Amino acid sequence: MTAEIIDQANELAQQRIDMAVAAHRLNRNAVSAEHCAECGENIPEPRRAAVPGCQTCAECQADLELIRKQRGS
């Protein structure tokens, strides 16, 4: 019985790891916005190429990530 519980816990842990990795993968086919959704400025082509699907400029993205970090999300 104990081995079965350990196996189930390991399986659950692996599923969570797999989900976290999948959430951080870039979708190379995603279309990036030309203008930032936050400030409305143009998003430079190098950023759009480097981060497919981006919706914000690098400065606004940094601000958003800082806010999320402060909130603990």
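Let's start with a pair of charged side chains: Arg 48 and Glu 45 form a salt bridge, with their closest N and O atoms 2.4 Å apart. (A salt bridge here is a side-chain nitrogen of Lys or Arg within 4 Å of a carboxyl oxygen of Asp or Glu.) A search of the whole structure turns up one salt bridge. Side chains of opposite charge can pair when their charged atoms come close. Arg 48 and Glu 45 are about one helical turn from each other because they sit three residues apart in helix H2.

This is a predicted model, where local features need pLDDT of at least 70, side-chain atom pairs count only at pLDDT 80 or more, and totals for chains, interfaces and linings use all residues. Residues are numbered from 1 along each chain as its sequence is written, and side-chain values use heavy atoms, leaving out hydrogens and water.

| Residue | Relative accessible area | Class |
|---|---|---|
| Thr 56 | 7% | buried |
| Arg 48 | 21% | partly exposed |
| Glu 45 | 45% | partly exposed |

Now for Thr 56, found in the loop between helix H2 (45-50) and helix H3 (58-71); helices are DSSP runs of H or I, at least four residues, numbered from the N terminus. Its side chain joins that of Gln 61 through a polar contact of 2.7 Å, meaning a pair of N or O atoms within 3.5 Å, where one must be able to donate a hydrogen and the other to accept it, and residues adjacent in sequence count only if both atoms are side-chain atoms.

Notes
Helix = DSSP H or I, 4+ residues; strand = E, 2+ residues; numbered from the N terminus. Buried < 20%, exposed > 50% of the residue type's maximum accessible area, 1.4 Å probe, protein only.
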